[in-house]
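Hi everyone, thanks for coming. Let me put the structure up on the screen, and then we can walk through two parts of it together.

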Amino acid sequence: MIVSRRVKQRLGRFLVVLPPYGWLVVFFLLPFLIVLKISLSELQAAIPPYKAVFSWAEDGILQLRLNFGNYSYLFSDDLYVLAYLNSLKIAAFSTLLTLLIGYPMAYTIARAPSRYRNPLLMLVVLPFWTSLLIRVYSWMGILKNEGLLNSFLMWLGIIDSPIQIMETNMAVYIGIVYSYLPYMILPLYATLEKMDLTLLEAAADLGCAPFKAFLKITLPLSMPGVIAGTLLVFIPAVGEFVIPDLLGGPDTLMIGKVIWAEFFDNRDWPVASAVAVAILILLVVPIMIYQRTESKVEAE
Amino acid sequence: MTNPPLIRIERVTKRFGDFTAVNQVDLDIRQGEFFALLGASGCGKTTLLRMLGGFETPSEGRILIDGIDVSSVPPYERPVNMMFQSYALFPHMSVEQNIAFGLQQDKMPKGQIAERVKAMLDMVQMTPYAKRKPAQLSGGQRQRVALARSLAKQPKVLLLDEPLGALDKKLREQTQLELVNIQDRVGITFIMVTHDQEEAMTMACRVGIMKEGKIAQIGTPFDVYETPNSRFVGDFIGNANMIEGSVSGGEGADWQIDSPALGCSITARHEAPLPIGSEVTVMVRPEKMSIGRQAVAGAINTLSGRITDIAYLGDMSIYHVKLASGRKIQVSQANLRQGGGGRLEHDEEVSICWHPGDSVVLLA
């Protein structure tokens, strides 16, 4: 009886975790393996535009042809390394901006009277109800030379001729900071909101003025939120494609755009796949740092 | 008593919206005193303490510490430290760092900080735990660290908000005496807030009992227990039999009081004159009465009744006696004999008596 109950329990657990794992296998692992396979294949002018990795030779022998040339090619042309470094730079700088804007917002919401907190959070999340694409397009309407911002500044008389913001890195920063701000605010809010405010009273009691108490108590205690928010913004920002493509100019070099160009302009699927795999591997490192800090925080 | 008090609270009132938490409180506390503010929750004792700490500003009145008006001085500039009920230890700092925090704010040289921290750790016997984080300590250990942290700056006054509230009973009793010893040694004025009358009585030199934002009585534990100034205080501190009646006559300090509830007249001692016919309450503590099967010959106040309940507490028993009038009286008696020889049982007819001098006449 006991054994059968145990078996039942295990079966139940298995059934519960099956859908999410199944989902990940079908929609993440499998596509990734396909991309990995393509990245190891050779280019050919046909449909599909790459040679098969597995093929049947005579006598029923399965042939495996791995081409690592696509990966070594990534290092032969500066473009890829530059695009990667530039993506890191843009992502890092916009993450910093997001943190600088998001921290005061999260702080204000967390310290607001409790009846205002949920409406304020609602306002932070509200933009998600509109598609990202539409929101980025509306930024084009705001930032372009004859757009809202320039017209407004010219009407005020601050400037005589439009400032070129569209199709510059500036526009990309604006777009990324705007789009990812909620991902920064929400984890920051979560850590700031649960903080015990008597700690600040204790700090004041021991002779610490308010701003110093913020630096010595609030900031260190909100580090888990800072780290979570930073990674939630930084990781997707590195691979961001829509924003640099729509708001950035021809000089905006980001890895997402390079993958797009390789796939659709050059029809070089193997190299595009190699870039995609490389960026994934390079991003696994910050994700692992994130997970390690998370589990450390939990252990405490 | 020639020195001015260390702390002077002058007609202090604190309102939160329509609610008056502290109402026109006057209070002087002397250097080196261990003072306890005692009261039920919501009586304003914590608000008064928080005003001393600087976390609330009085709506009216002023607070002087060492002759200086601090009513609007922020907490970080007051010569006062507080031990919080939740301890409020900084979770990201070790025990050492927590204790050093206040000293660093004063820009004390590093060597001196290390010395002071070491002395504080010694005092609360936490030296082996110096490197631990608060989360790795037990409740009692955290309480010690909180005490060390709040004493490290050697404040003029230490405020303690329910300092033992989070400890279990055994540990609490042990810590009570320790806290009194430490206060003796450091000579710092302690002001403690508590709802536990036993704790206040054990630890404090003087007790202030608060009710609805006002101070009902201030005195030594002995004063407030033996001679409460009102029914409220008599009831709040310890157990009491409250007997209502009207003054019918008197001889010297002994007054005759007719009690309809008892169905008889009793004698109580009161030094000041009482107008004939005035309504008073006579308070008699349960342990001031004696109980037995036979009436004591020559006793002035004697009642007889039947035991309805016995609460056996080990060291003593509390007897609930129902009188013929229906009124119940509580009498407690030490259980002096091993094995309880001749002890009183349920439903026994007994006689209660007490001396007039062992009762208190309350006018309010």
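Let's start with a question: which residues in H2(B) meet which residues in H4(B)? Keep in mind as you look that this is a predicted model.

On the H2(B) side, you'll find B:Val95, B:Asn98, B:Ile99, B:Phe101 and B:Gly102. Their partners in H4(B) are B:Val145, B:Ala148 and B:Arg149. Sorted by class, this contact has 5 nonpolar, 2 polar and 1 charged residues.

Now, how do the helices sit together? Two packed helices are described by the angle between their axes and the distance between the axes. Here, helix H2 covers residues 95-105 of chain B and helix H4 covers residues 139-151 of chain B; they pack at an angle of about 25 degrees, and their axes are 7 Å apart. Angles under 35 degrees count as roughly parallel, so H2(B) is roughly parallel to H4(B). As for handedness, H2(B) and H4(B) make a right-handed crossing.

Okay, on to the strands. Chain B has an open sheet of 5 strands, and if you trace across it, the order is S15-S19-S16-S17-S18, with antiparallel pairing. Which strands are at the edges? They are strand S15 (290-292) and strand S18 (328-334) of chain B, each of which pairs on one side only. On average, neighbouring strands in this sheet are turned by 40 degrees against each other, ignoring direction.

S15(B) runs antiparallel to strand S19 (residues 349-354) of chain B, and 3 bridges join the two. To see a bridge for yourself, find B:Gly292: its bridge partner in S19(B) is B:Ser351.

Technical notes
Residues numbered from 1 in each chain as written. Chains lettered and ligands numbered in written order. Predicted model: local features only at pLDDT ≥ 70, side-chain atom pairs only at ≥ 80, totals over all residues. Axes fitted to C-alpha atoms, helices over the stretch in contact; angles between N-to-C directions. Helix = DSSP H or I, 4+ residues; strand = E, 2+ residues; numbered from the N terminus. Parallel < 35°, antiparallel > 145°, perpendicular 65-115°, else oblique. Left-handed = near helix turned anticlockwise from the far one by under 90°. Contact = placed C-beta atoms within 7 Å. Nonpolar A, V, L, I, M, F, W, Y, C, P; charged D, E, K, R; others polar. Pairing = 2+ DSSP bridges.
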